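Subject: Structure for your review

Dear colleague,

Please find the structure below, together with its sequence. My notes on what was found in it follow.

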Amino acid sequence: MKTQLKTALPLVMGAAMSMTAPMAQAADLEFYFPVGVNAPAVATIEQLTNAWAAQNPQHTVKAVYAGNYEETTTKALTAAQAGDPPAVAVLLAIDIFTLIEEDVIMPISDIATSPEEQAWIDSFYEGFMVDTRFDGKVYSIPFQRSTPVFYYNKDAWRAAGLDPEVTPATWDEMVEMGKKLTVKDDNGNVTQWGTRIPNLGLAGAWLFGGLVKSKGDVLSTDTGTEARFDTEAAKASLEFMQRLADEEVMAPGGITWGDTPKAFLEGQAASIWTSTGNLAFINENAEFDWGVGFLPGGDGPGAPVGGGNFYIFKDITDEEQAAALDFIKFMTTPENQAIWSMATGYVAPSQAAWDTPQMQAYAAELPQALVALDQMPHAYREFATFQRARVTQFLVDAIEGVITGETDASAALAEAQEKADDILGEYR
Amino acid sequence: MTGGLNRIAFTTLAFVLAAVWGLPFLYSIWTAFHPEKYSANFVWNAPLTLSNFAEAWQAAPFALYFLNTVILITTVLVANLILCTLVAYAFVRYRFRWAGFLFSLVMVQLLISPEILIVENYLTLSTIGLTDTIIGIALPYLTSAFGIFLLRQTFLTVPKSLDEAAQIEGAGAWRILWTVYVPLARPVYLAYGLVSISFHWNNFLWPLIVTNSPEVRPVTVGLSVFATVESGIEWSLVNAATLMTTAPLIIAFLIFQRQFVANFMRAGIK
């Protein structure tokens, strides 16, 4: 396999690296970051990078806002191919296979070799580490990670005669409770839907991964060469989505990601399935009593995890590598994870961060934030394979085909499976 | 009788099209001037606010970005007008070997989408050390196949007799270009200028990739800060920022539109 040949090189470089690492030499770092949330996140990133630079006056770091995840990856790959890579970048965790295939990143576990550094790598939650590994090496460090949770309007719950402290645990309960929550006006038009699961585009595929996980299967494995679309779990998940529409629990047809929090705030949906990244936004804008619960599951709880990790690039000097590692360690100290998590709503990726006094105070004030943490053991990585963009599109097409009623679940999934196998075959 | 009916039908169609075009614009004005919670509730007495603009303005160094965009599009436009004019003039006025072949090479460029060339262009810029500069953003766009094509076609329509008359009067090649061809092509220059400005005003991916510093980034990069993925979309903020960044373009269009139309009319009468 060609990628294995490629991973031998960083091994050698990494070994050479670890000998020179202890020497603190001046380095100018370029750090690309995407902003997945609103603008204040940019200020927080700058505050943290400036703090690192102040502690390390021999180095400089330039935080470069590089658009959304996709644009940041394009920018980093373009720069790397031109021999001018950033030292460090926050990119999608699931882009690991693309970055390895393009041979632009180096395994962090090859540079971070001291016992303290090993302990640091081990300090992150396992749920967030799954998608940092390939071929026995750790390639990235969790940073801005998120997972979807079930937001619900307690006032709507009360109006429907439901216990406002109980959320549906299973799909059957979701349908049953959802039917009570859907409200129609005198003309028979729905004014409030029971629930809302975004099902269009990449966000739709992301949430779909959670449904499949709750049926005890996964969409992709950590080899990066396997897509599991044509499975009983995937079929059941699609059928559940159709059932929600058929039983008038959820609006039929396509549902966008971006307008979901608004639909919740405006009372058009009594509950929504969306990212923890919305906690702050909903907390600020909700004019009703709201709560957060686990995503209802098929056979048990299940959720996807998403978001971005730190990567270190190849073809930079040893000093830059050492400084980049030090920078990442600084950005992921428990205190800084806590600052970042509170500013954005991303889930702090280690227990140590949740143990900090700031985070404890935050959780006391906004207990909804803790639900995502409790749900973590049931979460699984977002769909990731080699050629991710193309392969994911097959899944997106299958989901959209079914919800718009163009095709049925079995046929759509079988077709997606066939196309995915065509592409992934050559990587096996 | 049918003429009257046709007229009514056309007017109705024009109104419908205008509404289709105008509604999103009206919506963005509505949301930009109202608090977020009115973004999908149209209540006539909803409180007006300017805070969206203030908040959007704070989110990125927009003053700097505006300046950069203006420098960028001025550079590109001036270079385009000069280079395309000269190339088009050469194609029209001089018979030289390979002229047809060279012109078809220029045309082939129209088929290549600029996105494909991003990596190559970046490589070139990085070799000559021009990444992260405004001139670096502008460099690949300094000349334009479309501009050459457009001006060549326009110059071809200039009556040969005008050119010859000028020659008899003793005018040189430069003089002829300046006093005969350029004035006759004014409406085309104006149209091309508008298209070029709006393209470069809106260009996003290339400037994003080739720049790292706020000092050289254009206004579209600032706007993208609002294009959030994780959290919900705050339409009032997005639309305030959008209105703010497109306002100069809209105003410029409104001003030049009269001249634009007038120019076409004059060209038609001649």
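How many bridges join strand 13 of chain A to strand 14 of chain A, and do these strands run parallel or antiparallel? The two strands run parallel and are joined by 3 bridges. Strand 14 of chain A spans residues 379–381, and A303(A) stands opposite A379(A) there. Please note that this is a predicted model.

- Strand 3 of chain A, residues 88–92, pairs with strand 13 of chain A in the antiparallel sense over 5 bridges; L91(A) is placed opposite N309(A).
- Strand 4 of chain A, residues 105–106, runs antiparallel to strand 13 of chain A and is joined to it by 2 bridges; M106(A) has I312(A) as its bridge partner.
- Strand 7 of chain A, residues 140–146, is also antiparallel to strand 13 of chain A, with 6 bridges between them; S140(A) faces Y311(A) across this pairing.

As a general point, side chains in a regular strand alternate between the two faces of the sheet.

Turning to chain A as a whole, it has 20 helices and 14 strands. Its radius of gyration is 22 Å, close to the 22 Å that the globule rule gives for 428 residues, so chain A is as compact as a globular protein of that length. The C-alpha atoms fill a box of roughly 75 × 50 × 30 Å along the principal axes. Of the 428 residues in chain A, 53% are buried. Among contacts in chain A between residues at least 6 apart in sequence, 75% join residues at least 24 apart.

M342(A) lies in helix 15, residues 334–344. M342(A) counts as buried because it has 21 C-beta neighbours inside 10 Å, the cut-off being 20 or more. Beyond its neighbours within four places in sequence, M342(A) is in contact with Q358(A) and Y362(A). M342(A) and A280(A) are 62 residues apart in sequence, with their C-alpha atoms 8.4 Å apart in space.

For chain B, an unreviewed UniProt entry carries the annotation "transmembrane region" for several segments, including residues 62–91 and 235–256. In the model, residues 62–91 of chain B are 100% helix, and the end C-alpha atoms are 42 Å apart. Residues 235–256 of chain B are likewise 100% helix, with the end C-alpha atoms 30 Å apart.

Yours sincerely

Notes:
Residues are numbered from 1 along each chain as its sequence is written. Chains are lettered from A and ligands numbered from 1 in the order in which they are written. This is a predicted model: local features need pLDDT of at least 70, side-chain atom pairs count only at pLDDT 80 or more; totals for chains, interfaces and linings use all residues. Helices (H or I, at least four residues) and strands (E, at least two) are DSSP runs, numbered from the N terminus. The radius of gyration is taken over C-alpha atoms; the globule rule is 2.2 Å times the number of residues to the power 0.38. A residue is buried if 20 or more other C-beta atoms lie within 10 Å of its own, exposed if 12 or fewer, and partly exposed in between; C-beta atoms are placed from the backbone. Two residues are in contact if their C-beta atoms, placed from the backbone, lie within 7 Å. UniProt positions are given in the numbering used here, feature names are shortened, and annotations may be inferred rather than shown by experiment. Two strands pair if DSSP finds at least two bridges between them.
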